[in-house]
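Welcome, and thanks for taking a look at this one with me. Here is a short briefing to read beside the model, arranged by topic.

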Amino acid sequence: MSVPRTLIWTPTPTAELQLALHRAVAGPAALVPVASGTVVLPRRQIGFADAAKLAGQVRAVDDQALLVRWSGDAVLWSDGVSAGFSGGARRLVGVLTWWRLKAEAGSLDLPKDVAEVKALVDQGRADTWVTALPDRAGLPIGTVLPVVPVTQGGSPLA
């Protein structure tokens with residue numbers, strides 16, 4: 001199994017989220033502005049517990065954040081209250097975490113622009129940004145929480 005990928009989506013505007021996460025010494029993560037809000041891409045090797053903590057810090061800004069973790073056909077998602085999965089998602093987290101999540105089988109319904117970012121992450125388009133992230137927070141804001149530039153009319157990470 002390859003390293004699971006993780007993203008967090010929130011309807012919060014990118015600039016507001018960047019400042020709030022920096023004040024909370026959260027991260028590191030790359031922030032991708034999308035029409036529906038912001039996609040947060042944590043470092044590639046992040047574990048589920050750390051990703052859930054980061055999603056909680058995102059939720060502290062706007063009360064809404066959807067954590068999505070996937071590898072191949074296995075997908076697990078959580079909004080902080082309930083969780084869902086498809087495929088062999090149990091392998092994406094430890095057994096104890098799986099038991100605590102009480103995830104329900106279902107299908108993930110992402111906004112179109114977030115699904116596009118997820119597809120680009122699968123293609124490796126985010127790797128340049130995500131692998132360059134430092135291993136800790138507390139560094140200058142553009143280093144710990146860089147905003148991935150999006151050209152007008154273009155796809156994020158294109």
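Predicted model: local features only at pLDDT ≥ 70, side-chain atom pairs only at ≥ 80, totals over all residues.

In S4, Leu 67 is the bridge partner of Ile 8.

- The strands form an open sheet of 7, in the order S2-S3-S1-S4-S5-S6-S7, and the pairing is mixed.
- S2 and strand S7 (104–105) stand at the edges with a single partner strand each, so one side of each has no neighbour in the sheet.
- S1 pairs with S4 in the antiparallel sense over 5 bridges.
- S4 also pairs with strand S5 (residues 74–78), again antiparallel and over 5 bridges; here Leu 67 stands opposite Ser 78.
- Moving on, S5 and strand S6 (residues 83–86) are antiparallel partners over 4 bridges, with Phe 85 of S6 as the bridge partner of Leu 76.

- How many of the 6 residues of S4 are buried? The count is 6 of the 6, so the strand is largely enclosed by the rest of the structure.
- In a regular strand, side chains alternate between the two faces of the sheet.
- Leu 66, Val 68 and Trp 70 point one way from S4, while Leu 67, Arg 69 and Ser 71 point the other way. Arg 69 and Ser 71 are among the buried residues here.
- The hairpin of S4 and S5 has 2 residues between the strands, and Gly 72 in this hairpin takes a positive phi near 60 degrees.

- Helix H4 covers residues 112–122, and its buried residues are Asp 113, Val 114, Val 117, Lys 118, Leu 120 and Val 121.
- Seen down the axis of H4, these buried residues fall within an arc of 160 degrees, so they line one face of the helix.
- An α-helix has 3.6 residues a turn, so residues three or four places apart point the same way.
- Which strands do the buried residues of H4 pack against? They pack against S1 (5–10), S2 (29–34), S3 (37–42) and S4 (66–71).
- Lys 118, which lies in H4, has a relative accessible area of 16%. The cut-off for buried is under 20%, so Lys 118 counts as buried.
- Leaving aside residues up to four places away in sequence, Lys 118 touches Leu 7, Trp 70 and Leu 110.
- Just after H4, Gly 124 takes a positive phi of about 90 degrees.

**Backbone details in the loops**

- Gly 27 and Pro 28 are joined by a cis peptide bond, with omega at about 5 degrees. Pro 28 is in the loop between helix H1 (14–23) and S2.
- Val 25, in the loop between H1 and S2, has a positive phi of about 50 degrees although it is not a glycine.
- Asp 63 is another residue other than glycine with a positive phi, near 65 degrees. Asp 63 lies in the loop between helix H2 (48–62) and S4.
- Is Asp 63 buried or exposed? Asp 63 is exposed, with a relative accessible area of 69%.

- Arg 23 is found in H1 and counts as exposed at 65% relative accessibility.
- Arg 23 and Gly 138 are 115 residues apart in sequence, but 9.1 Å apart in space, C-alpha to C-alpha.

**Pocket and cavity**

- What is the volume of the largest pocket? The volume is about 160 Å³.
- The lining of the largest pocket includes Val 25, Gly 27 and Pro 28, along with Arg 43, Asp 50, Lys 53 and Ala 137.
- By type, the pocket lining divides into 6 nonpolar, 2 polar and 3 charged residues.
- The count of cavities of 30 Å³ or more comes to 1, and the largest cavity has a volume of about 60 Å³.
- S1 and S3 are the elements that give two or more residues to the lining of the largest cavity.
- Among the residues lining the largest cavity are Arg 5, Thr 6, Leu 41, Pro 42, Val 121 and Val 130.
- The cavity lining divides into 6 nonpolar, 1 polar and 3 charged residues.
- Arg 43 is one of the residues lining the largest pocket, and Arg 43 is also among those lining the largest cavity.

Conventions
Residues numbered from 1 in each chain as written. Heavy atoms only, no water. Buried < 20%, exposed > 50% of the residue type's maximum accessible area, 1.4 Å probe, protein only. Arc of directions from axis to C-beta. Contact = heavy atoms within 4.5 Å. 1 Å grid on protein atoms, 1.4 Å probe; cavity = no way out; pocket = protein on both sides within 12 Å on 5 of 7 lines; lining within 4 Å. Points joined across faces, edges and corners; volume = space filled by probe spheres on them. Nonpolar A, V, L, I, M, F, W, Y, C, P; charged D, E, K, R; others polar. Pairing = 2+ DSSP bridges.
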